[in-house]
Amino acid sequence: MTEQDGNLVEVTDLRKEFGGLVATNDVDFTIPRGAIVALIGPNGAGKTTFFNMLTGVYKPTSGSIVFDGVEVSDLPPHAITALGIGRTFQNIRLFPHMTAVENVLVGMHCRLHSGIIGSILRTPKVRQEEREAVDRARELLVYSGLPRRHRERAASLPYGDQRRLEVARALATDPKLLLLDEPTAGMNPQETADFTAFVSRVRDERGLTVLLIEHDMKVVMGVSERVTVLEYGAKIAEGTPHEVQRDERVIEAYLGKGATTE
Amino acid sequence: MTTAADRARTWVSGRDRSLWVAAGLIVLAVLYPSLVESLQDLPLIGDFVPSVSGMVVMLAFTTMAIGLNVVVGYAGLLDLGYVAFYAAGAYTAGWFASQQFDQWTFHFGSVGIVKSLPGIHLSVWLVLLIAGLFTLVVGILIGLPTLRLRGDYLAIVTLGFGEIVPQFVRNADEEGIGFDLTHGAFGIAPIDSLGFGSLGERLGLPESFQTSTDRAKWFYLTAVLILLITVFCSVRLRDSRLGRAWIAIREDETAAAAMGVPLMRTKTWSYAIGAFFGGVAGAFYSSFRSGAFPADFYFNISVFLLCMVILGGMGSVWGVILGGMLLAYLNVEGLSTIGAKIQDAGLDFDPTKYQFGIYGLIIVAMMLFRPTGLIPERRHAIELEEGVHDTPFYDVTTEATLTDRDPSDD
């Protein structure tokens, strides 16, 4: 198995219980390197819980998550980010009073090295690192479709731009795996189409692997190569978008029993 | 909306302006001891002009407020026990520059005392640094267990530490812990003075500030220097990688962690750095008043410092300087001057009796009318390129597709 193929993420028997509620029920899941994988399911199916376990926000009750050969289920979020998982949030979680550039610079935190003494003295090395970081942040913003307003506070950007800024910030962590939690929620059809194209482009140009949670089936069918369907915390189907679309259990989960027979 | 060039220009001039203001204030501050007498002769306001030794106290407390601002203002961690750091700094000065440990006699750079005096007597300049570093370690030790908590819970635990430390210093004597560490309720006195020693004498500088005829002036100039260094470090750190991480944690802890900011380490650093400045200021102040007494380290000091930060504007260095000087002035001289005026007018009212009530009213009024503080924090963009980078960073072909954006926005 070379670096280029195989699975970037291998999840085995992953389980999360909140008291008596089983949010994720022994899920097995793999993400092939370089793929765009969609995670779908009705509301409350456990998709975001799954995301939060991948990124270390929640500790799994049991099971294992191996990312790029490393067991990550016991690591804190920042260590997982440093290993190469970048994410966005379902409800946008930018740093509202920081500018767009600063938001992206925070994303670079784990890739920068300046220390306390260096920052106080502002040594040439620190200056250069900061200058390069700012340049790279601006490039990332432009790349993510935010050519201007770099010095505006994140909170004052329009909604669509905030979504883009979140992606830029996630890309700044230099991820191998990009997790997008309902990235097109609240976007109009044109914005959604642009965004979908952007995700494919990011994958192709930056060699990333993408896992996205999405409700918009047009996006799911358009962009993803594999789809996994969760319902009540359990995996009920997995395959190409085409296969999943025809899966009886999936149709049932979304439309209710009887929908398949009509 | 202005053009990019205009914006860049106003920004540069804004930056210049604050540099000029800073330079002017520094010059005024240095000249203050020679100006103070003529200022005090002014009609009407003359009586309200603080004395030079009053200014020393004000500056020392403002330095602590700047340190607290790193914790509360930058990282957004509510610390109700900052007095612990003040105490740690003051007692470090007591240990290394007094007769507290008279079982040993060790002198290194001590000034103004005979060489045969028992006790550890290091140069107080060095002691300031040692106090900072010791307090930094105290900050890390207090921070490690407490900083896992968020919000109100953190505030309550820091409040606990703020109570533990004065109780500890009050009791850490022969009777309490079997070794006289803090001399119990009596405190440690006298603490050695800052000074330039015999080398300074040859240059016409005072050997020891305490015995010099210009005692207040020399302590004052040292206080100005310490405050300047503190402000400088504080501003540099705010605009650094670490400062960004602090502000990110303040804004959204979960998102900061997801972006690779190690929460514990980053928060602990804010604690440690805030503690460092508190320790230096505490050691300086105890050298100025020549003693460290447990009665000085109570909860009201923590609240007093927090009031300075809130009054000035959390996170805003200029604001905290203003808030700190203002409240410390009221505490040191202002209220009693005002009280004397009121009594001159024939009213029987002494505001110094109600000082904490008055600070409370100030805070309530601030929360109602100006919750962001006297000088709110302006979140500047970090522009290492001296402002020239505001030229759009994109090519015209992309711009053409961005019809929903107003070109004047940038």
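Trainee: Which residues does A:V199 touch, leaving out residues up to four places away in sequence?
Mentor: Two residues are in contact if their C-beta atoms, placed from the backbone, lie within 7 Å. A:V199 touches A:I36, A:V210 and A:V223, once residues up to four places away in sequence are left out. Keep in mind that this is a predicted model, where local features need pLDDT of at least 70, side-chain atom pairs count only at pLDDT 80 or more, and totals for chains, interfaces and linings use all residues. Residues are numbered from 1 along each chain as its sequence is written, while chains are lettered from A and ligands numbered from 1 in the order in which they are written.

Trainee: Where is the place of A:V199 in chain A, and is A:V199 buried or exposed?
Mentor: Helices (H or I, at least four residues) and strands (E, at least two) are DSSP runs, numbered from the N terminus. A:V199 belongs to helix 7 of chain A, residues 189–206. A residue is buried with 20 or more other C-beta atoms within 10 Å of its own, exposed with 12 or fewer, and partly exposed in between. A:V199 counts as buried because it has 23 C-beta neighbours inside 10 Å. A:G186 lies 13 residues from A:V199 in sequence and 17 Å from it in space, C-alpha to C-alpha.

Trainee: How do I read chain A as a whole, starting with how many helices and strands there are?
Mentor: Chain A has 10 helices and 10 strands. The radius of gyration is taken over C-alpha atoms, and the globule rule is 2.2 Å times the number of residues to the power 0.38. For chain A the radius is 19 Å, close to the 18 Å that the rule gives for 262 residues, so chain A is as compact as a globular protein of that length. Its C-alpha atoms fill a box of roughly 70 × 40 × 40 Å along the principal axes. Of its 262 residues, 47% count as buried. Among contacts in chain A with a separation of 6 or more, 66% come from residues 24 or more positions apart.

Trainee: How many residues of chain A are in contact with chain B?
Mentor: On this interface, 40 residues of chain A are in contact with 37 residues of chain B. On the side of chain A that touches chain B, helix 2 (77–83), helix 3 (100–107), helix 4 (116–121) and helix 5 (124–143) of chain A each supply at least two residues. Helix 5 of chain A gives the largest share, six residues. For classes, Ala, Val, Leu, Ile, Met, Phe, Trp, Tyr, Cys and Pro count as nonpolar, Asp, Glu, Lys and Arg as charged, and the others, Gly among them, as polar. That side of chain A divides into 17 nonpolar, 10 polar and 13 charged residues.

Trainee: Why is helix 3 of chain A described as largely enclosed?
Mentor: Eight of the eight residues of helix 3 of chain A are buried, so this helix is largely enclosed by the rest of the structure. Its cover draws on both chains and includes helix 5 and helix 6 (159–172) of chain A, together with helix 9 and helix 10 (253–258) of chain B.

Trainee: At what angle do helix 9 and helix 11 of chain B pack?
Mentor: Axes are lines fitted to C-alpha atoms, for helices over the stretch in contact, and angles run from 0 to 180 degrees between N-to-C directions. Helix 9 (residues 241–251) and helix 11 (residues 263–288) of chain B pack at about 105°, with axes 10 Å apart. Angles under 35 degrees count as roughly parallel, over 145 as roughly antiparallel, 65 to 115 as roughly perpendicular and the rest as oblique. Helix 9 of chain B is therefore roughly perpendicular to helix 11 of chain B. The residues that meet include B:W246 in helix 9 and B:W269 in helix 11 of chain B. By class, this contact has six nonpolar, two polar and one charged residues.

Trainee: What about helix 2 and helix 8 of chain B: at what angle do they pack?
Mentor: Helix 2 (residues 52–74) and helix 8 (residues 215–238) of chain B pack at about 15°, with axes 8 Å apart. These two helices of chain B are therefore roughly parallel.
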